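Subject: Structure handover and notes

Hi there,

Here is the structure I promised to pass on. Have a look at it first, and then read my notes below.

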Amino acid sequence: MILDRSSLDAFNERHVAEHRKRYEFTRSLLPGAEAVVEKLMAFNVAIPSWALGTGGTRFGRFSGAGEPGTLEQKLEDVGLLHAINASSGAVSLHIPWDIPKDHAAIRRLAADLGIGFDAVNSNTFQDQPGQALSYKFGSLQHVNRAVRKQAIDHNIEVVHHGIELGSKSLTVWLSDGSCFPGQLNFRKAFGNTLEGLQEIYAALPDDWKVFVEYKAFEPNFYSMTVGDWGQSLLYANKLGSKAYTLVDLGHHLPNANIEQIVALLLMEGKLGGFHFNDSKYGDDDLTAGSMRPYQLFLIFNELVEGMDAHGMNHATDLGWMIDASHNVKDPLEDLLQSVEALMLAYAQALCVDRSALEAAQAGNDTVAAQELLQDVFRTDLRPLLAEARLRAGAALHPVKFFREADVRGGLIRERGLNTVATGL
Ligand code: LRH
Ligand code: MN
């Protein structure tokens, strides 16, 4: 389904007068508003191909209607999101859930839709039909060299798919670990995993990156072989300059200070990217900013400060990706809300008065520091996001437009009620 341009223009026409009032007011509050709008226009978040259909849990999955049943339809859905918010210009594929049958055709379709390919993801956390050896007791950590070799070969195959599509990075998330004390020799598991990652690393083209994603628990519930940022950093440092850590917000133990982890990984030059989502308890994969929007702001606050300290390009030097699963919301509405929350946290971080904050920190003036951060967090910056979208030819209000234009209805009329998307 391709978006009907005239319905979007008509929608903006109905809302632009109110927007202009709000934008002029916000601009009057913020001297740097124009620069923030330009930065927002350059910022894109990659959409996970595995989150374009309804997700589920072990207790059940309640599929929605009009879901993308093929990789081509998934790309169309990402194209729809990008047409609506002008900030979803890339997709992150998961192999084998989304194996391209014709790389050139897929690449052409993506280009026509104005989207690119962010990191490709391998999958050694499930056994595929006809697979020779099982990953029940892990993949790269496995005590059996043949299982490790099978996992290494799969990751290298994923890199080849990525090269064909124009991707420049591989995300490796390993479900490896143990469920009971005594089940695993931690040193041997680490050694095997490092050896496997080194063979995968050696297969990377020179201009590629590998992201080592860590997770505290699930599906193993005693130890994970890449269990936290320290372990991921250990692997990334031992692998080399093309290896980085990947921070999935839902992969931390309760009350972890994620913004501090981000600040330190950035300081070390080993922060590769993110899987943005939100959670209240575990790896809930909820809409970004839906539970802890202040934490999301604090993370972007560290990102802007740290990236500027390194002279990094905000839009291109980190992997900005969402990783979510939609059990009760329309997947596209959920993704539009997540991108909005990320853009808002980024805009807030760009509006922090850095020199005043540094002065407050230098003076141990904790009250002033908190006032500075919360003043920005409590200022409604949504008109800046709307202005960036308006200038990019996208919708002033994405979710409102998605509903008023009955985009889901259009997808159902085109695809029917029973198409089911591959993924979680
Ligand atoms: C693991 C994870 C990983 C993906 C999977 C879909 O929890 O975050 O990034 O491979 O979700
Ligand atoms: Mn993830």
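Some ground rules before the rest. This is a predicted model, in which local features need pLDDT of at least 70 and side-chain atom pairs count only at pLDDT 80 or more, while totals for chains, interfaces and linings use all residues. Residues are numbered from 1 along each chain as its sequence is written, chains are lettered from A and ligands numbered from 1 in the order in which they are written, and side-chain values use heavy atoms, with hydrogens and water left out.

Back to Gly-69. At 39% relative accessibility, Gly-69 is partly exposed (buried means under 20% relative accessible area, exposed over 50%, partly exposed in between, with a 1.4 Å probe and protein chains only). Leaving aside neighbours within four places in sequence, Gly-69 is in contact with Thr-419 and Val-420, where contact means heavy atoms within 4.5 Å.

The metal site

The manganese ion (ligand 2) is held by Glu-213 (OE), Asp-248 (OD), His-275 (ND1) and Asp-323 (OD), at 2.1 to 2.2 Å. Donors here are N, O and S atoms within 2.8 Å of the metal (3.2 Å for Na, K and Ca); water is not among the atoms, so sites may look incomplete. The site of the manganese ion is octahedral, with angles of 72 to 169 degrees among its 6 donor atoms. For the geometry labels, four donors count as tetrahedral if all angles lie between 85 and 135 degrees; four count as square planar and six as octahedral if opposite donors are over 155 degrees apart and all others between 65 and 115; anything else is irregular. Along the chain, the donors of the manganese ion follow the spacing E-x34-D-x26-H-x47-D. Glu-213 belongs to strand 9 (residues 209–213) and His-275 to strand 12 (residues 271–276), so this pair ties together parts that are 62 residues apart in sequence. Glu-213 and His-275 are both buried.

Ligand 1

Around ligand 1 you will find Trp-50, His-94, Phe-125, Trp-173, Glu-213, Lys-215, Asp-248, His-251, His-275, Asp-283, Asp-323 and Leu-424 (a residue is near a molecule or strand if one of its heavy atoms lies within 4 Å of it). Oxygen atoms of ligand 1 lie 2.8 Å from a polar side-chain atom of His-94, 2.7 Å from an N or O atom in the side chain of Glu-213 and 2.9 Å from a polar side-chain atom of Lys-215.

His-252 is in the loop between strand 11 (243–248) and helix 8 (258–267), and is buried at a relative accessible area of 10%. The side chain of His-252 makes a polar contact with the side chain of Tyr-214 (2.6 Å). A polar contact is a pair of N or O atoms within 3.5 Å; within protein, one must be able to donate a hydrogen and the other to accept it, and residues adjacent in sequence count only if both atoms are side-chain atoms. The side chain of His-252 also reaches the backbone oxygen of Leu-249 at 3.2 Å.

Lys-270 lies in the loop between helix 8 and strand 12. Is Lys-270 buried or exposed? Lys-270 counts as buried, at 8% relative accessibility. A polar atom of the Lys-270 side chain lies 3.4 Å from the backbone oxygen of Ala-236.

Backbone details

Most residues other than glycine have a negative phi, and most peptide bonds are trans. The peptide bond from Ile-95 to Pro-96 is cis, with omega near 15 degrees, and the bond from Glu-218 to Pro-219 is cis with omega near 10 degrees. Asn-255 has a positive phi near 65 degrees and is exposed, at 76% relative accessibility. Asp-285 has a positive phi of about 50 degrees but is buried, with a relative accessible area of 6%.

Best wishes

Terms used:
Helices (H or I, at least four residues) and strands (E, at least two) are DSSP runs, numbered from the N terminus.
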